[in-house]
Amino acid sequence: MPFRQTHLLGIEGLHPAEITTLLDLADQYAERMRRGLPAGDALEGLTQINLFFEPSTRTQASFELAGRRLGAEVMTMAASSTSLRKGETLIDTALTLNAMRPDLLVVRHAMSGAVALLAQKVTNCAVLNAGDGRHEHPTQALLDALTIRRAKGRLHRLSIAICGDIAHSRVARSNILLLQRMENRIRLVAPPTLMPAGIAEMGCEVYHDMEEGLRGADVVMMLRLQRERMEGAHVPSEREYFHRYGLDAAKLAHAAPDAIVMHPGPMNRGVEIDGAIADDVTRSVIQTQVEMGVAVRMAAMDLLARNLRAARGRAAMGEIADLFG
């Protein structure tokens, strides 16, 4: 099945075959990078604008590298340098971007739905969601999926435990959508204060005991405490949180012997994960996640650019037909 999307706003709108198509291409890019081979020129002649209203290190750098390696002209705009701090609305920003005529627009925003709104207002441009509020972070879920597939040899019928701050995590939501779509068993492990209401209705297993939630898991995915999105106290203390929900050797022993450990970053060592576990090269794939992030974003922009160019070609042919019609 071809990749039919004009934007990448979330996992929710992706068909499983489209997910596989994107991951297959990302796998090829990952192998080329590992061998030191040129990535190609899929974005040659295109302009990529990264618009980040929230601070980011990994995601922003990853998109910049991905665009440059494929030949795009890349410009990054941080929120501190935009006119929104001076009172400009998001719609005004969209109009300004339209005047700049970008081909690819990568957006991170603190409000859920803001990226989708921009996608409606910008014209003749592919928009990629780099994280919007508590809604979604699609490329993070895709890079996590690619990491799992490469480590386990498949991306279906696995038992995957997602642990930590589920309530405030867009990473958790995107991963749940993607991994369930690929026929995996999803376990969510968190204290009641960090577990969203009604989450079991999504078909996930809910646990409040770490050892029980990890029992036999093939993949253990830890999440950061999203303190910037919390209102009030959700955990008694970081020390108590680590004691009950932080991943250490004793808790990991309840997972499958060959279970892999993941974390989207940035990590809080000694809060949600023990440093020794994070650095264990036999179990941890955290650095591989960073590597796969570039490959996945290259693949996403490549596929969207193909569709963008095809749409522009059809529009040009239509104009010619009207001219001589």
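**Loops and helix packing**

Trainee: Where is Pro266 in the chain?

Mentor: Pro266 lies in the loop between strand S9 (260-262) and helix H10 (275-278). Helices (H or I, at least four residues) and strands (E, at least two) are DSSP runs, numbered from the N terminus. This is a predicted model, in which local features need pLDDT of at least 70 and side-chain atom pairs count only at pLDDT 80 or more, while totals for chains, interfaces and linings use all residues. Residues are numbered from 1 along each chain as its sequence is written, and side-chain values use heavy atoms, with hydrogens and water left out.

Trainee: What kind of peptide bond joins Gly265 and Pro266?

Mentor: The bond between Gly265 and Pro266 is cis, with omega at about -5°.

Trainee: Other loops, then. Where is Asn124, and what is its phi?

Mentor: Asn124 sits in the loop between H4 and S4. Its phi is near 55°, which is a positive value in a residue other than glycine.

Trainee: What is the phi of Arg101?

Mentor: Positive, near 55°; Arg101 follows H3.

Trainee: Staying with H3, which of its residues are buried?

Mentor: Leu90, Thr93, Ala94, Leu97 and Asn98. Seen down the axis of H3, these buried residues fall within an arc of 145°, so they line one face of the helix. The arc is that of the directions from the helix axis to the C-beta atoms.

Trainee: Why would spaced residues point the same way?

Mentor: An α-helix has 3.6 residues a turn, so residues three or four places apart point the same way.

Trainee: What is on the face of H3 turned away from the buried side?

Mentor: That face carries the exposed residues Leu95 and Ala99. The buried residues of H3 pack against S1, S3 and H4, where contact means heavy atoms within 4.5 Å.

Trainee: Which residues of H4 are buried?

Mentor: In H4 (residues 114-121), Ala114, Val115, Leu118 and Ala119 are buried. They fall within an arc of 145° seen down the axis of H4, so they line one face of that helix. Their cover includes strand S1 (47-52), helix H3 (90-100), strand S3 (104-109) and strand S4 (126-132).

Trainee: New topic: H5. How do H5 and H6 cross?

Mentor: The axes of H5 (residues 138-152) and H6 (residues 170-181) come within 8 Å and cross at roughly 55°. Axes are lines fitted to C-alpha atoms, for helices over the stretch in contact, and angles run from 0 to 180 degrees between N-to-C directions. H5 and H6 are therefore oblique to each other. Angles under 35 degrees count as roughly parallel, over 145 as roughly antiparallel, 65 to 115 as roughly perpendicular and the rest as oblique.

Trainee: Which residues meet there, H5 to H6?

Mentor: From H5, Pro138, Gln140, Ala141, Leu142, Asp144, Ala145 and Ile148; from H6, Val171, Ser174, Asn175, Leu178 and Leu179. This contact of H5 with H6 divides into eight nonpolar, three polar and one charged residue. Ala, Val, Leu, Ile, Met, Phe, Trp, Tyr, Cys and Pro count as nonpolar, Asp, Glu, Lys and Arg as charged, and the others, Gly among them, as polar.

Trainee: At what angle do H5 and H11 pack?

Mentor: About 120°, with the axes of H5 and H11 (residues 286-324) 8 Å apart. Their contact has five nonpolar, six polar and three charged residues.

Trainee: And how do H1 and H5 cross?

Mentor: Their axes come within 10 Å and cross at roughly 70°. That makes H1 roughly perpendicular to H5. The contact of H1 with H5 divides into eight nonpolar, one polar and six charged residues.

Trainee: Last one: what does Glu44 touch?

Mentor: Leu70, Gly71 and Arg309, leaving out residues up to four places away in sequence. Glu44 is in the loop between helix H1 (16-34) and S1, and it is partly exposed, with a relative accessible area of 49%. Glu44 and Glu73 are 29 residues apart in sequence and 7.9 Å apart in space, C-alpha to C-alpha.

Conventions:
Buried < 20%, exposed > 50% of the residue type's maximum accessible area, 1.4 Å probe, protein only.
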